[in-house]
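Let's take a friendly walk through this structure together.

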Amino acid sequence: MLEKAFKGSKLYYGWMLGLLTIIGISFGFYLWQFNAGLGITGLSRDVSWGFYIAQFTFLVGVAASAVMVVLPYYLHDYKAFGRITIMGEFLAVSAVTMCLLFIIVDLGQPIRALNVLLYPSPGSILFWDMIVLNGYLLLNIVIGWKVLEAERHNVHYPMWVKPLIYLSIPWAVSIHTVTAFLYCGLPGRGFWMTAIIAPRFLSSAFAAGPALLILLCLFVRKISKFDPGWEQIQTLAKIVTYAIILNVFFLLCEIFVVFYAQIPEHMDHFKYLFVGLQGKGALVPFMWTSMILMVLAIALLIPSQFRQNETVLLIACLAVFVGTWIDKGLGFISGGFTPNPLHVVNEYLPTGPELMISLGVYATGVFILSVLFKIALTIKEELYA
Amino acid sequence: MPNNSKGMYNKNLVIAGIVIFVILAAFPFWFNVGRSAPAPEIILTEKAIAAEDCVRDKEYMTLEHMQLLDVWRDAVVRDGKRIYVNPKGVEFNMSLSNTCLDCHSNKEEFCDRCHDYTSVSPYCWDCHIDNPQGD
Amino acid sequence: MKSSRRNFLKIAGIAALGVGAKPVFDTFAAVGGHGPTEPAPIFKSSEEALTANHWAMVVDTRKIRSERDVAPLFRACHQVHNVPDMPLKRHEIKWIWAESFHHAFPDLHSELISDKIARTPFPVLCNHCENPPCVRVCPTKATFKRESDGIVVMDYHRCIGCRFCLAACPYGARSFNFFNPDDYIKEVNLKFAKRTKGVVEKCNFCEERLAEGIIPACVEVSNGILTFGDLRDSRSSVRKLIAENFTIRRKVHLGTSPAVYYIV
């Protein structure tokens, strides 16, 4: 099937070449970081995780959201999603790959990364995260590939794939739960010290992931002869609607607890993010933008006549994606580190090289996604067009 | 399913591919056949010559010093044990800098020559000072 | 016809494989194993070594009048351990340093406190917690609590630089080497190792000095501000101070049980 990825238009080749160029340039920046040290990023002894880990966290959510197409199709026999499960699974493959790359670029001693396997430490959540992420990647590659291959030959996929599919459902939940546990089990980090982090992560993931999938469906319909389908997109839109409402609800629950209890250890992080603290508040405009986007998305998604208008739906999905990205990919990590445990505000801002390296990881993910989607779409075009 | 003759055609390609892969992967080996440089001569400091015996005999040290250093490291860092008793019953402070490199204070002529020859680049010296006496 | 060509290709292929692979096998055959099996090596500790069941420190802040009383502690430690002086504040490496009461004890802070306390610089360092979160989160056991004496040790050889421990430490006691520290060490102590870029470091309660029977560098120059001893020995100097004075520890509500006690 891989040969399908090599046969494409000039535009396709140009696109892939462009991605490779970005990857190449950003790899140069990574070599700089590799040789000089993480000091070329904006990280500090106070905000010791930043943009990389935030992107990792956000993308784990995108990866986990594949379960929102897999579960209705395989567990509830919702036939319509049969057309697009492959897109969800391949999106997950690309997203998990980016997650792993973001972890690697964040390491101070990347050549020692395999020490995690050499000295397995089940007490560390990072150890489990390594297991669930790699497992999820493998599951989605195998399932996606075998099911697509079977579809292509118009036969049923092999029976041994079925248990893997069932396994992938709780596994998807596990990757984001374990990722949440990285943060919420740390004493002395009041912002993360809440049991609702995992549910919040999952709700924002099930909003952002399917929103991205809708955008991809609309895009696919434009560039190929394969139509993911009206019903499919509309069902995804309902999933996005419920998930984004839940996400905002969970956030409001947090805000109530924190501001009613008024325990500084928990409250001051929210203050820093939304109004600024000790005269510093670089993230304030971003956080409010995120809030406005999420509320706007809810307003656009609830009325069915809006949701059924694909232009409005596109805007709503963009709002969901950008809104949740700011919340998780910008605010969540540095907000948890600011103020620091000694109650000092030392702000974090990513640097140019840091953003370039991140861009390269994203380009790698998009490259993988393009290859996989090219294969899937060529096969779908043969079948449905 | 692809037809039979096509499948066979692929098999030939696969065999050719494996052959090319193995030849390429073995490049450093066949490229260097018969061209190996003579083993370098290492120079001992006067202190090392005067000591006569190293921690272990010369052959063991030549072959196994990295293994020895590895167990030393774990003994010191992880178990807090700092003294090594060699088979002759002589005690040594397990310290790369303060024991090994105190005697072998000529890194370029002692360590580097063999490491360069065998094309390994251990990074011990990023942290461990190569000449603790500072001369 | 077709079949014989196929056979020819197979045989030719296998032959070529052998030609390509032979030098590889030869090379590995020449290297061989690691000689005869070694008897287990014998390791021991020095007889002069200072030992304890759980090392602990008491800081008598009543004896601190100004920054001048504590600065020598920090200098002694950072000099003996080759702690670099990084040019940017956000890359700072600190093993022991001073904080105001407000920052050292943010949960005990009041707007209205005695002038003396408000002025006193509190020396802070790794607490060598009895229940250390940094050890719990480390994915490689590069940081671990030494069973013999309770010191929370760093194995710089094993650290992958994930900085999970920086997130887990509620005391800001851990520093990360954002750059190669080599260029920023003012005066190198040739007897002690440096660190490399990309690893985490922190106070080690001078375990290298204890092994030789010497008390920690900061304690040595502290003029009685710092006392060092065994937390589990009821007759030790630290236990005596704790029994006779009211002491506080940093963020006890987190359950980490710090082994550094402060008399205020």
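The crossing of helix 2 of chain A with helix 14 of chain A is right-handed. On the helix 2 side of chain A, the contact involves Phe51(A), Tyr52(A), Gln55(A), Phe58(A) and Leu59(A), and on the helix 14 side of chain A it involves Glu354(A), Leu355(A), Ile357(A), Ser358(A) and Tyr362(A). By class, this contact of helix 2 with helix 14 in chain A has seven nonpolar, two polar and one charged residues.

Some terms used here: axes are lines fitted to C-alpha atoms, for helices over the stretch in contact, with angles from 0 to 180 degrees between N-to-C directions. Helices are DSSP runs (H or I, at least four residues), numbered from the N terminus. A crossing is right-handed if the near helix is turned clockwise from the far one by less than a right angle, and left-handed if anticlockwise. Contact means heavy atoms within 4.5 Å. Ala, Val, Leu, Ile, Met, Phe, Trp, Tyr, Cys and Pro count as nonpolar, Asp, Glu, Lys and Arg as charged, and the others, Gly among them, as polar.

With helix 13 (residues 310-337) of chain A, helix 2 (residues 51-64) of chain A packs at about 140°, the axes being 8 Å apart. Helix 2 and helix 13 of chain A are therefore oblique to each other. Residues of helix 2 of chain A in this contact include Phe51(A), Ile53(A) and Phe58(A), while those of helix 13 of chain A include Phe321(A), Trp325(A) and Lys328(A). By class, the contact of helix 2 with helix 13 in chain A has eight nonpolar, five polar and one charged residues.

## Chain C against chain A

Chain C gives 46 residues to the contact and chain A gives 41. About 3,600 Å² is buried between chain C and chain A, with 55% from carbon and sulfur atoms; buried area is the accessible area (1.4 Å probe) that two parts lose on being put together, summed over both.

Which side chains meet in a salt bridge? They are Asp106(A) and Arg163(C), at 2.6 Å, N to O. The count between chain C and chain A is one salt bridge, a side-chain nitrogen of Lys or Arg within 4 Å of a carboxyl oxygen of Asp or Glu.

## Within chain A

Glu149(A) forms a salt bridge with Lys146(A), their closest N and O atoms lying 3.1 Å apart. Both residues, Glu149(A) and Lys146(A), are in helix 6 (residues 125-152) of chain A, three residues apart, about one turn of the helix. Over all chains, the whole structure has 28 salt bridges.

The peptide bond from Thr338(A) to Pro339(A) is cis, with omega near -5°, and Pro339(A) lies in the loop between helix 13 and helix 14 (352-384) of chain A. Asp77(A), a residue other than glycine, has a positive phi near 55°. Asp77(A) sits in the loop between helix 3 (67-75) and helix 4 (85-106) of chain A.

## Reading notes

Residues are numbered from 1 along each chain as its sequence is written, and chains are lettered from A and ligands numbered from 1 in the order in which they are written. In this predicted model, local features need pLDDT of at least 70, side-chain atom pairs count only at pLDDT 80 or more, and totals for chains, interfaces and linings use all residues, while side-chain values use heavy atoms, with hydrogens and water left out.

Technical notes:
Helices (H or I, at least four residues) and strands (E, at least two) are DSSP runs, numbered from the N terminus. Angles under 35 degrees count as roughly parallel, over 145 as roughly antiparallel, 65 to 115 as roughly perpendicular and the rest as oblique.
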